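Work through the exercises below with the sequence and the 3D view open. Try each task before you read its solution.

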Amino acid sequence: MSYVIAFVTGGLICAAAQLVLEYTNLTPAHVLVGLTVLGAILGGIGVYEPFLQVAGAGALVPVSGFGSSIAKGMLSEIKRLGWEGLFTGAFEITGLGLAAAVVFGSLVAVAAKPRD
Amino acid sequence: MKPQEYQQLVKENQPPRHVWKNVLLAFLVGGAICLVGQAVLEFVSGVERTTDEAAAVTLAIMILIGSILTGLGIYDEIAEQGGAGAAVPITGFSNTITAAAMEFRREGFILGMGAKMFVIAGPVLVYGILSGFVVALIKAVVLGHF
């Protein structure tokens, strides 16, 4: 059942983003930024967390889940460290993925044959 | 020709758009990627101690998958069909980083690959962090965490 929910919620978020692309002049980069900001705001005010618990990867894997992870990390680090957490928390959950993206992205770019 | 007439002409000669087909494809491709993500999340949840750690590792594994598929040239084909369904999941975020690294490598490792790797992912990070910062700051002040 969790797989069906993840498929449907993740699919709906992507379908909504596609609708925005179809009916506006925004680029995919704009839509990615918008969804991340939306996720960070909803994560910050605590709305995204119940959504994550219901939808699982359907809420986590779209970039809105990445945005909510930024805000969630900040809030938990503020509780632990105080004001410093406002800065370190951005990478508390997302840091692993970001460093992974840099490492794997570089490795792939070096290993892959350049295409024209 | 008046601007309005020109606009009309452009409209008439545009290729027909398959909006609902594209939306359906975005739904299917995005859903399929999240389905894979759910399998990863459930596997990782059995190994990691907290939900935050499980989320972090799941995101990293999806980023690895996106990166490899980009290197093999498969992600471009998925993106061609899936549109936002390929761009919106975190694999698409990873795709923008890897694709930029591959594309700009020919301009050198420092000012090419290094500088331009985050050409699309950068704004996502900047505005994600800024908006999270503002909301977390307000929440922490209101709740008296400082």
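**Exercise 1. Chain A in outline**

How many helices and how many strands are there in chain A?

Solution. Start with the ground rules. This is a predicted model, in which local features need pLDDT of at least 70, side-chain atom pairs count only at pLDDT 80 or more, and totals for chains, interfaces and linings use all residues. Residues are numbered from 1 along each chain as its sequence is written, while chains are lettered from A and ligands numbered from 1 in the order in which they are written.

Step 1. Know the terms. Helices (H or I, at least four residues) and strands (E, at least two) are DSSP runs, numbered from the N terminus.

Step 2. Count. Chain A has seven helices and zero strands. Its pattern along the sequence is α-α-α-α-α-α-α.

Step 3. Size up the chain. Along the principal axes, the C-alpha atoms of chain A fill a box of roughly 50 × 35 × 35 Å.

Step 4. Check burial. A residue is buried if 20 or more other C-beta atoms lie within 10 Å of its own, exposed if 12 or fewer, and partly exposed in between; C-beta atoms are placed from the backbone. Chain A has 116 residues, and 54% of them count as buried.

Step 5. Check contacts. Two residues are in contact if their C-beta atoms, placed from the backbone, lie within 7 Å. Take the contacts in chain A with a separation of 6 or more: 58% come from residues 24 or more positions apart.

**Exercise 2. Confidence**

State the predictor's scores for the complex and for chain B.

Solution. The complex gets an ipTM of 0.94 and a pTM of 0.91. For each residue, pLDDT is the predictor's confidence, from 0 to 100. Chain B has a mean pLDDT of 94, and 100% of its residues reach 70 or more.

**Exercise 3. Where the chains meet**

Which element gives the most to the side of chain A that touches chain B?

Solution. Step 1. The contact takes 62 residues from chain A and 63 residues from chain B.

Step 1. α1(A) gives the most to chain A's side, with 16 residues.

Step 2. That side divides into 45 nonpolar, 14 polar and three charged residues.

Step 3. Look at α1(A) against α2(B), residues 19–45: the angle is about 140° and the axes are 6 Å apart. The crossing of this pair is right-handed.

Step 4. Now take α7(A), residues 95–111, and α6(B), residues 90–104: they pack at about 40°, with axes 8 Å apart. So α7(A) is oblique to α6(B). Their crossing is right-handed.

**Exercise 4. Two single residues**

Is Ile78(A) buried or exposed?

Solution. Ile78(A) sits in helix α5 of chain A. It is buried, because 23 other C-beta atoms lie within 10 Å. Beyond four places in sequence, Ile78(A) touches residues of both chains, among them Gly89(A) and His145(B).

Gly85(B) lies in helix α5 (residues 84–87) of chain B. Gly85(B) is buried, with 32 other C-beta atoms within 10 Å. Its contacts beyond four places include Cys14(A), Gln18(A) and Leu25(B).

Note on methods: Axes are lines fitted to C-alpha atoms, for helices over the stretch in contact, and angles run from 0 to 180 degrees between N-to-C directions. Angles under 35 degrees count as roughly parallel, over 145 as roughly antiparallel, 65 to 115 as roughly perpendicular and the rest as oblique. A crossing is left-handed if the near helix is turned anticlockwise from the far one by less than a right angle, and right-handed if clockwise. Ala, Val, Leu, Ile, Met, Phe, Trp, Tyr, Cys and Pro count as nonpolar, Asp, Glu, Lys and Arg as charged, and the others, Gly among them, as polar.
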